[in-house]
Structures are given as structure tokens and as C-alpha cells.
Amino acid sequence: WVEDFSPEVVLLQAGDSPFMLRLAEETAKKFGAPLVIYNSEVYYFKDFDYLRSKGLSRLFFPLFRSAYRRQFRKTVKAAACSIYCNEEIKALYDAEFALPSEVVYTATELRLGPAPERESGELVVSYLGTLGVGRHAALVEVANALQAVSPDYRLNIYGRIPNDEVQAAFDGCEGISYKGFVSYDEVLAVMAESDVLLH
């Protein structure tokens, strides 16, 4: 399939798969194409078991991390440049690797508009996004902090609940108002109507 179009450049969305890193590196080498790494995560620097392994598989996380880091270093050496989603991630990787890099922000059509009209003291705080990888714990913490400021404040959460643990955490938190999954157009409307967006 790749040979059918003979790529002029290979763009790798860097995840935490040593196999994908190696595949991109070998593909770029085979076709003499520059390898560009797009990195929106800090997997290389995570020194805790973010996979949340259980039982015997927990013992293998250090081996996985070591293999991943070794392959990542090898792939970076073969890369022409790296792209990051923000300055903080760029600075972290730049301090570790000597590779030309740039920050490229996601394009958006959002424009600042007038502030939503509200009753005095009303506050709309919203989170839109993934609810996996333990993110729900931080959202519960934020919701509890909002409740400590005012019992009228709520954190509106939009996204798909991935499991019963997250559902139970949200159900048990007074400060969370779970709204479910919404379409892209609804996301834009929620963003425009919120006073604070939690990232």
C-alpha cells in the first residue's frame, strides 16, 4: 500500500507504541523520506504505570517503558524534525533531544464574542473531552473545589463515560453535572456559553 504512492514525507503521530515508532522509522528509511514526529503527549517522560496494570502484568511496565524509551531515542535520531502541540511539551523534549522542532496549534474557527448574559454570581464551568486514563479523578477534585467556593457552582462535563468506576465517581460528586456526549456543533455552542473552560 505504501509502495503504491511512495511517500515524500512520513508523519508519525507519536504514541506509546514502540512498534509504531519503529514502523515509521523503517518506512521513512526505505523510501528516503524525511521523518517528522508530531508529539502531543509526554509518554517518554512518564515514570509511573499510566497503563494501570494489575497483577503480574504490573511487573512488566518497567520493561515496556524501557523498550519504549530505547525505541523513541532511536526514532528521534532518524527524524528530520518534531512538531509539538504546545510550548510546554516542546520545552520538555527540546531539553532532552537535539532535534529541530516547532509548535503547531490546532486550527479553529472560534472567535471571541460577547460574554454570555447571566444572573449576578452565576458561573458556567465546562469540560469537554475524554474521560479515560484517570482524568475523572481530577475532574471530581475540581468539582469539589468549586463546591467549596459556592454550593451553587457545578462543573459541566461533556464526553463518553468509559466505565462503571467513572460513572460511580460522577454520581457520587455533588459538584458534577454530567451532560453526556455532544456533537462538534454542540461543543462550539457549549464553549461559547461557558465562562470557564477546563483543559
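This is a short tour of the structure you have open, one selection at a time. Keep in mind that the model is predicted.

**Stop 1: the starting end**

Select Trp 1, which sits in the segment before helix H1. Is Trp 1 buried or exposed? With a relative accessibility of 77%, Trp 1 counts as exposed, because the cut-off for that word is over 50%. Trp 1 and Gly 132 are 131 residues apart in sequence, and their C-alpha atoms are 33 Å apart in space.

**Stop 2: charged pairs**

The structure holds 5 salt bridges, and we'll visit some of them. Here's the idea behind them: side chains of opposite charge can pair when their charged atoms come close.

Start with Glu 3 and Lys 30, whose side chains meet in a salt bridge at 2.8 Å, N to O. Glu 3 belongs to helix H1 (residues 2-5) and Lys 30 to helix H2, so this pair ties together parts that are 27 residues apart in sequence. Glu 3 is exposed at 55% relative accessibility, and Lys 30 is exposed too, at 56%.

Next, pick Arg 22 and Glu 26. Their side chains form a salt bridge at 3.7 Å, N to O. Both residues lie in helix H2, 4 residues apart, which is about one turn of the helix. Arg 22 counts as partly exposed at 34% relative accessibility, and so does Glu 26 at 45%.

Then select Lys 46 and Glu 41, another salt bridge, this time at 3.4 Å, N to O. Lys 46 counts as buried, with 16% relative accessibility, while Glu 41 is partly exposed at 24%.

**Stop 3: strands E1 and E2**

Select strand E1 (10-13) and strand E2 (35-39). They run parallel and are joined by 4 bridges.

How many of the 5 residues of E2 are buried? The count is 4, so E2 is largely enclosed by the rest of the structure.

**Stop 4: Asn 39**

Stay in strand E2 and pick Asn 39. Asn 39 is buried, with a relative accessible area of 1%. What does its side chain meet there? A polar atom of the Asn 39 side chain lies 3.2 Å from the backbone nitrogen of Glu 41, the residue you saw paired with Lys 46. The Asn 39 side chain also makes a polar contact with the side chain of Tyr 93, at 3.5 Å.

Show the surroundings as well. Leaving out residues up to four places away in sequence, Asn 39 touches Ala 14, Phe 72, Ile 83, Tyr 84, Cys 85, Ile 89 and Tyr 93.

**Stop 5: the nonpolar cores**

A bit of background for this stop: in soluble globular proteins, nonpolar side chains tend to be buried together.

Which members of the largest nonpolar core touch the most other members? Of its 22 residues, they are Leu 35, Ile 37, Phe 72 and Tyr 93, so select those four. The elements giving two or more residues to this core are E1, helix H2 (18-31), E2, helix H3 (61-78) and helix H4 (87-96). H3 supplies the largest share, 4 residues.

Zoom in on Ile 37. Not counting residues up to four places away in sequence, Ile 37 touches Leu 12, Ala 14, Thr 75, Val 76, Ala 79, Cys 81, Ser 82 and Ile 83. Apart from this core lies another one, of 14 residues, with Val 125, Leu 146, Val 166 and Ile 176 among them.

**Stop 6: the four-stranded sheet**

Val 125 leads us on. Color strands E7, E6, E5 and E8, which form an open sheet in that order with parallel pairing. Which strands stand at the edges? They are E7 (176-180) and E8 (196-197), each with a single partner strand, so one side of each is left without a neighbour in the sheet.

Strand E5 (residues 125-128) runs parallel to E8, and 2 bridges join them. Select Val 125 and you'll find it opposite Val 196 in E8.

How values were computed:
Residues numbered from 1 in each chain as written. Predicted model: local features only at pLDDT ≥ 70, side-chain atom pairs only at ≥ 80, totals over all residues. Heavy atoms only, no water. Core = buried A, V, L, I, M, F, W, Y, C linked by side-chain atoms within 4.5 Å. Buried < 20%, exposed > 50% of the residue type's maximum accessible area, 1.4 Å probe, protein only. Contact = heavy atoms within 4.5 Å. Polar contact = N/O pair within 3.5 Å; in protein donor to acceptor, adjacent residues only side chain to side chain. Salt bridge = Lys/Arg side-chain N within 4 Å of Asp/Glu carboxyl O. Pairing = 2+ DSSP bridges.
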